[in-house]
Amino acid sequence: MRKFYDLHLEYKKEYAKELIERALDLGFSGICLVYRFQNLYGIKGYLRDIEKLREVFKDNIDIITGVVIEWNKEKSLLEKIIKLRRKVELIFVDSKGDYKINRFACSRREVDVLCNFWDEKGIGIDHICIRDAKENNVFFELCFRRYIEDQNILIKFRNCALVFKKSNAPVIITSGARDIFEMKKGRDLASLLSIFDYDLEKSIKAISTTPKSIIDENRKKLKQPVIGVEVYEDEKEKT
Amino acid sequence: MKRKKPKTLRLSLREKKRYIVIKIDFEEIDFEEFCSELKRKVLELFGLVGYAKMNLKIIKDTFDGKRVIVRCSHKYVEHLRFALISIDKIKKKKVSLSCVGVSGTLKGAKNKFYNKI
């Protein structure tokens with residue numbers, strides 16, 4: 001049976017438990033409660049809360065940590081990314097349609113997901129961004145909540161689907177839910193890409209196996225004391 | 001004079017259909033409300049041509065406020081899924097619609113999914 005992963009649920013301390021219970025009802029194997037980065041003190045509290053939730057829902061669902069970094073002029077984006085990379089499992093960059101930020105995020109291997117990348121005129125990315133994203137394992141996020149907020153975004157989703165289909169770009173689908181009403185079933189969310197003639201199997205993978213592979217890869221990296229150095233515990237693993 | 005029954009189409013000429021079992025969460029709604037909202041959403045998303053191609057039919061007997069079976073063309077299952085998840089409110093009631101399963105026959109849809117909700 002397929003395992004579905006929703007990598008973007010907005011974290012709020014009051015609703016976190018409700019979101020997890022709803023995710024269990026909808027049959028998700030894992031969810032990422034995403035924290036909007038404000039400061040490092042906030043991150044500490046967030047990580048503590050997630051640890052508590054992991055203990056409660058230990059056997060039922062995989063809870064993943066993630067941070068959305070929004071670009072603003074005050075502090076450099078790179079500084080924030082480097083600070084947070086070893087603290088959380090997923091790093092999202094919200095570029096708000098700025099091409100320079102899109103290009104920067106695609107060229108950094110510390111970044112996992114690029115979200116909200118389309119601008120007013122177009123989809124905000126080009127073949128160079130896609131090439132860099134493929135090289136650095138950066139995934140483009142299509143968030144269902146954006147469509148609920150602004151229905152005209154569907155045109156951009158269609159253009160994205162066309163480009164992603166042609167260039168075989170790395171893509172994930174998320175719900176971006178803020179409350180339980182906005183949460184949808186994994187298989188239903190896959191229709192966000194498949195209605196635009198994107199391959200059905202690939203669009204299902206964008207919410208099942210692809211997110212799983214990102215998490216596995218990042219967890220493996222987080223276990224490494226230094227990047228590129230692996231620690232073996234079992235004798236069998238050595239061989 | 002005895003009236004003749006119209007002959008049914010041959011199996012190969014009939015359109016392929018799919019029966020989709022839908023679960024309605026959070027609120028109980030009326031049949032009329034559900035029908036009008038689903039039709040409105042499909043028309044809004046895919047237009048009149050899309051609505052005609054979809055060959056949508058809501059099976060009234062299966063509606064009980066919490067679950068329902070909807071029939072559509074086999075080529076438009078994904079479109080219907082998308083229309084369903086796009087519905088977030090029905091007459092000011094916050095709801096969440098989800099597709100439980102898809103089957104080729106009404107009997108299959110009832111046995112596999114509908115009766116297990």
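Author: Helices are DSSP runs of H or I with at least four residues, strands are DSSP runs of E with at least two, and both are numbered from the N terminus. By that rule, chain B has three helices and six strands. The model is predicted: local features need pLDDT of at least 70 and side-chain atom pairs count only at pLDDT 80 or more, while totals for chains, interfaces and linings use all residues. Residues are numbered from 1 along each chain as its sequence is written, and chains are lettered from A and ligands numbered from 1 in the order in which they are written.

Reader: In what order do the elements of chain B run from the N terminus on?

Author: The order in chain B is β-α-β-β-α-β-β-β-α.

Reader: Which elements of chain B each supply at least two residues of the side that touches chain A?

Author: Two residues are in contact if their C-beta atoms, placed from the backbone, lie within 7 Å. The contact takes eleven residues from chain B and nine from chain A. Helix H2 (77-86) and strand S6 (96-103) of chain B each supply at least two on the chain B side, and H2(B) gives the most, with six residues.

Reader: Why are S1 and S7 of chain A said to stand at the edges?

Author: Two strands pair if DSSP finds at least two bridges between them. The open sheet of chain A has seven strands in the order S1-S2-S3-S4-S5-S6-S7, with parallel pairing. S1 (4-10) and S7 (171-174) of chain A each have a single partner strand, so one side of each is left without a neighbour in the sheet.

Reader: How do you know that S4 and S5 of chain A are joined?

Author: Three bridges join S4 (residues 90-94) of chain A to S5 (residues 113-115) of chain A, and the rule asks for at least two. A:Asp94 stands opposite A:Cys115 in S5(A).

Reader: Why are H4(A) and H5(A) called roughly parallel?

Author: Axes are lines fitted to C-alpha atoms, for helices over the stretch in contact, and angles run from 0 to 180 degrees between N-to-C directions. The axes of H4 (residues 99-106) and H5 (residues 127-136) of chain A come within 8 Å and cross at roughly 25 degrees. Angles under 35 degrees count as roughly parallel, over 145 as roughly antiparallel, 65 to 115 as roughly perpendicular and the rest as oblique. H4(A) and H5(A) are therefore roughly parallel to each other.
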